[in-house]
Amino acid sequence: MANYKTKIKYFTIADYEEEQAWLEDQHRQGWKLKKVTPPCFFTFEEVGPKEVVYQLDYKNEKVTGEYLQMFRDYGWEYSGSCMGWNYFWKAKSQVESSSELEIFSDSESKLDMVNHIFKTRMLPLVVVFCTILIPSLLKNLTSGNGISNSFFIITLIVFAIYIYIFLHCGLKLKKIKNKLK
(Lines give C-alpha, C1' and ligand atoms only; values in the text may rest on other atoms or scores of the structure.)
Protein backbone atom coordinates (compact mmCIF):
# COMPACT_ATOMS: atom_id res chain seq x y z
CA MET A 1 0.00 0.00 0.00
CA ALA A 2 1.37 3.39 -1.00
CA ASN A 3 2.28 6.03 1.56
CA TYR A 4 0.89 9.52 1.12
CA LYS A 5 1.56 12.83 2.80
CA THR A 6 0.14 16.30 2.45
CA LYS A 7 2.24 19.44 2.74
CA ILE A 8 1.04 22.99 3.05
CA LYS A 9 3.00 25.45 0.90
CA TYR A 10 1.77 28.73 -0.52
CA PHE A 11 2.85 30.07 -3.91
CA THR A 12 1.48 33.13 -5.69
CA ILE A 13 0.64 33.09 -9.38
CA ALA A 14 4.03 34.64 -10.09
CA ASP A 15 5.98 32.01 -8.10
CA TYR A 16 5.49 29.13 -10.51
CA GLU A 17 9.22 28.73 -11.16
CA GLU A 18 9.86 28.39 -7.40
CA GLU A 19 6.96 25.94 -7.18
CA GLN A 20 8.51 23.80 -9.94
CA ALA A 21 11.86 23.76 -8.10
CA TRP A 22 10.15 22.83 -4.81
CA LEU A 23 8.27 19.96 -6.47
CA GLU A 24 11.51 18.69 -8.02
CA ASP A 25 13.10 18.73 -4.57
CA GLN A 26 10.17 16.77 -3.11
CA HIS A 27 10.50 14.16 -5.87
CA ARG A 28 14.26 14.01 -5.30
CA GLN A 29 13.42 13.10 -1.69
CA GLY A 30 11.11 10.31 -2.88
CA TRP A 31 7.73 12.06 -2.97
CA LYS A 32 5.86 12.36 -6.29
CA LEU A 33 3.11 14.97 -6.61
CA LYS A 34 -0.27 13.28 -6.64
CA LYS A 35 -2.63 16.28 -6.48
CA VAL A 36 -2.94 19.91 -5.45
CA THR A 37 -5.95 21.16 -3.50
CA PRO A 38 -6.67 24.88 -3.19
CA PRO A 39 -5.43 27.02 -1.73
CA CYS A 40 -2.09 25.41 -0.78
CA PHE A 41 -2.32 21.66 -0.04
CA PHE A 42 0.05 19.38 -1.94
CA THR A 43 -0.52 15.62 -1.69
CA PHE A 44 2.46 13.40 -2.44
CA GLU A 45 2.89 9.66 -2.96
CA GLU A 46 6.05 7.93 -1.76
CA VAL A 47 7.89 6.55 -4.80
CA GLY A 48 11.58 6.58 -3.94
CA PRO A 49 14.10 9.27 -4.82
CA LYS A 50 14.31 10.21 -8.49
CA GLU A 51 15.75 13.11 -10.47
CA VAL A 52 12.89 14.72 -12.38
CA VAL A 53 11.91 18.05 -13.83
CA TYR A 54 8.50 19.60 -13.09
CA GLN A 55 6.80 22.10 -15.35
CA LEU A 56 3.60 24.06 -14.84
CA ASP A 57 1.35 25.24 -17.63
CA TYR A 58 -1.31 27.85 -16.99
CA LYS A 59 -4.42 27.35 -19.12
CA ASN A 60 -7.29 28.33 -16.81
CA GLU A 61 -9.61 26.02 -18.73
CA LYS A 62 -10.71 22.39 -18.58
CA VAL A 63 -8.03 19.88 -19.52
CA THR A 64 -8.85 17.83 -22.61
CA GLY A 65 -7.57 14.44 -23.74
CA GLU A 66 -5.95 16.04 -26.77
CA TYR A 67 -4.09 18.54 -24.58
CA LEU A 68 -2.78 15.76 -22.29
CA GLN A 69 -1.84 13.56 -25.25
CA MET A 70 0.30 16.36 -26.68
CA PHE A 71 2.35 16.37 -23.46
CA ARG A 72 2.48 12.55 -23.24
CA ASP A 73 3.89 12.49 -26.79
CA TYR A 74 6.87 14.48 -25.45
CA GLY A 75 7.34 12.27 -22.39
CA TRP A 76 5.55 14.40 -19.79
CA GLU A 77 3.50 12.77 -17.02
CA TYR A 78 0.40 14.64 -15.85
CA SER A 79 -0.01 15.09 -12.08
CA GLY A 80 -3.22 17.10 -12.05
CA SER A 81 -4.65 20.60 -12.19
CA CYS A 82 -5.38 23.30 -9.66
CA MET A 83 -6.78 26.80 -10.18
CA GLY A 84 -5.82 26.95 -13.85
CA TRP A 85 -2.38 25.38 -13.40
CA ASN A 86 -1.55 22.01 -14.95
CA TYR A 87 1.29 20.03 -13.37
CA PHE A 88 3.65 17.86 -15.45
CA TRP A 89 6.86 16.00 -14.70
CA LYS A 90 9.47 14.03 -16.62
CA ALA A 91 12.37 11.86 -15.46
CA LYS A 92 15.70 13.53 -16.20
CA SER A 93 16.95 10.18 -17.52
CA GLN A 94 14.49 10.62 -20.45
CA VAL A 95 15.94 14.01 -21.35
CA GLU A 96 18.31 13.97 -24.30
CA SER A 97 18.84 17.73 -24.70
CA SER A 98 18.37 20.84 -22.56
CA SER A 99 15.41 21.90 -24.72
CA GLU A 100 13.49 18.89 -23.38
CA LEU A 101 13.68 20.24 -19.80
CA GLU A 102 10.84 22.67 -20.47
CA ILE A 103 7.38 22.24 -21.91
CA PHE A 104 7.76 25.44 -23.92
CA SER A 105 10.61 25.41 -26.40
CA ASP A 106 10.39 29.09 -27.31
CA SER A 107 10.23 32.39 -25.46
CA GLU A 108 7.07 33.46 -27.32
CA SER A 109 5.04 30.59 -25.81
CA LYS A 110 6.35 31.37 -22.32
CA LEU A 111 5.51 35.04 -22.84
CA ASP A 112 1.99 34.10 -23.98
CA MET A 113 1.52 32.13 -20.75
CA VAL A 114 2.70 35.07 -18.60
CA ASN A 115 0.35 37.43 -20.48
CA HIS A 116 -2.51 34.95 -19.97
CA ILE A 117 -1.76 34.86 -16.22
CA PHE A 118 -1.82 38.64 -16.13
CA LYS A 119 -5.11 38.91 -18.03
CA THR A 120 -7.01 36.20 -16.16
CA ARG A 121 -5.64 36.67 -12.64
CA MET A 122 -4.15 40.15 -12.17
CA LEU A 123 -6.77 42.17 -14.06
CA PRO A 124 -9.70 40.73 -12.06
CA LEU A 125 -7.83 41.67 -8.86
CA VAL A 126 -7.46 45.22 -10.14
CA VAL A 127 -11.19 45.39 -10.90
CA VAL A 128 -12.11 44.19 -7.39
CA PHE A 129 -9.59 46.56 -5.88
CA CYS A 130 -10.87 49.60 -7.76
CA THR A 131 -14.61 48.87 -7.58
CA ILE A 132 -14.95 47.47 -4.07
CA LEU A 133 -11.97 48.02 -1.81
CA ILE A 134 -11.05 51.63 -2.59
CA PRO A 135 -14.66 52.94 -2.43
CA SER A 136 -15.27 50.98 0.79
CA LEU A 137 -12.12 52.34 2.37
CA LEU A 138 -12.96 55.90 1.32
CA LYS A 139 -16.54 55.56 2.58
CA ASN A 140 -15.29 54.44 5.99
CA LEU A 141 -12.80 57.31 6.16
CA THR A 142 -15.44 59.94 5.35
CA SER A 143 -18.32 58.46 7.37
CA GLY A 144 -17.07 59.71 10.72
CA ASN A 145 -16.85 56.21 12.19
CA GLY A 146 -13.29 56.08 10.93
CA ILE A 147 -10.60 53.91 12.37
CA SER A 148 -12.61 52.66 15.37
CA ASN A 149 -14.97 50.76 13.06
CA SER A 150 -14.02 47.05 12.87
CA PHE A 151 -15.22 46.88 9.24
CA PHE A 152 -12.74 49.65 8.43
CA ILE A 153 -9.90 47.69 10.04
CA ILE A 154 -10.79 44.54 8.10
CA THR A 155 -11.00 46.55 4.88
CA LEU A 156 -7.63 48.14 5.64
CA ILE A 157 -6.06 44.70 6.17
CA VAL A 158 -7.52 43.39 2.88
CA PHE A 159 -6.33 46.62 1.19
CA ALA A 160 -2.78 45.99 2.48
CA ILE A 161 -2.88 42.36 1.27
CA TYR A 162 -3.98 43.50 -2.18
CA ILE A 163 -1.18 46.06 -2.35
CA TYR A 164 1.33 43.35 -1.42
CA ILE A 165 -0.08 40.97 -4.06
CA PHE A 166 -0.01 43.70 -6.73
CA LEU A 167 3.57 44.61 -5.94
CA HIS A 168 4.88 41.07 -5.52
CA CYS A 169 3.09 39.46 -8.46
CA GLY A 170 3.10 42.45 -10.77
CA LEU A 171 6.83 43.13 -10.39
CA LYS A 172 7.72 39.45 -10.60
CA LEU A 173 5.61 38.87 -13.73
CA LYS A 174 7.12 41.99 -15.29
CA LYS A 175 10.62 40.68 -14.50
CA ILE A 176 9.77 37.34 -16.12
CA LYS A 177 8.36 39.12 -19.19
CA ASN A 178 11.49 41.26 -19.52
CA LYS A 179 13.69 38.19 -19.25
CA LEU A 180 11.72 36.51 -22.04
CA LYS A 181 11.82 39.45 -24.44
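1. Start with a facing pair of residues: in this predicted model, Tyr 78 stands opposite Phe 88, and Phe 88 belongs to strand E6. Find these two in the structure above, and you will have a handy landmark for the points that follow.

2. Now look at the strands around that pair. Strand E6 covers residues 85-91 and is joined to E5 by 5 bridges, with the two strands running antiparallel.

3. Next, step back to the whole sheet. It is an open sheet of 3 strands, in the order E4-E6-E5, with antiparallel pairing. Which strands are at the edges? They are strand E4 (52-58) and strand E5 (77-82), each of which pairs on one side only. From one strand to the next, the twist averages 20°.

4. Helix H2, residues 65-73, lies across E4, E5 and E6, and its direction makes an angle of about 25° with E6. Helix H3, residues 107-142, lies across E4 and E6, running at about 50° to E4.

5. Finally, please have a look at the surface. Phe 118, Leu 123 and Val 126 form a nonpolar patch there, and together they have about 220 Å² of accessible area. One of them, Phe 118, is found in helix H3. Why does Phe 118 count as partly exposed? Its relative accessibility is 34%, and the partly exposed class lies between under 20% for buried and over 50% for exposed, so Phe 118 counts as partly exposed.

How values were computed. Residues numbered from 1 in each chain as written. Predicted model: local features only at pLDDT ≥ 70, side-chain atom pairs only at ≥ 80, totals over all residues. Heavy atoms only, no water. Pairing = 2+ DSSP bridges. Helix = DSSP H or I, 4+ residues; strand = E, 2+ residues; numbered from the N terminus. Axes fitted to C-alpha atoms, helices over the stretch in contact; angles between N-to-C directions. Contact = heavy atoms within 4.5 Å. Patch = residues over 30% accessible without salt bridge, like charges linked within 9 Å, V, L, I, M, F, W, Y side chains within 5 Å. Areas by Shrake-Rupley, 256 points an atom, 1.4 Å probe, with all protein chains shown as cover. Salt bridge = Lys/Arg side-chain N within 4 Å of Asp/Glu carboxyl O. Buried < 20%, exposed > 50% of the residue type's maximum accessible area, 1.4 Å probe, protein only.
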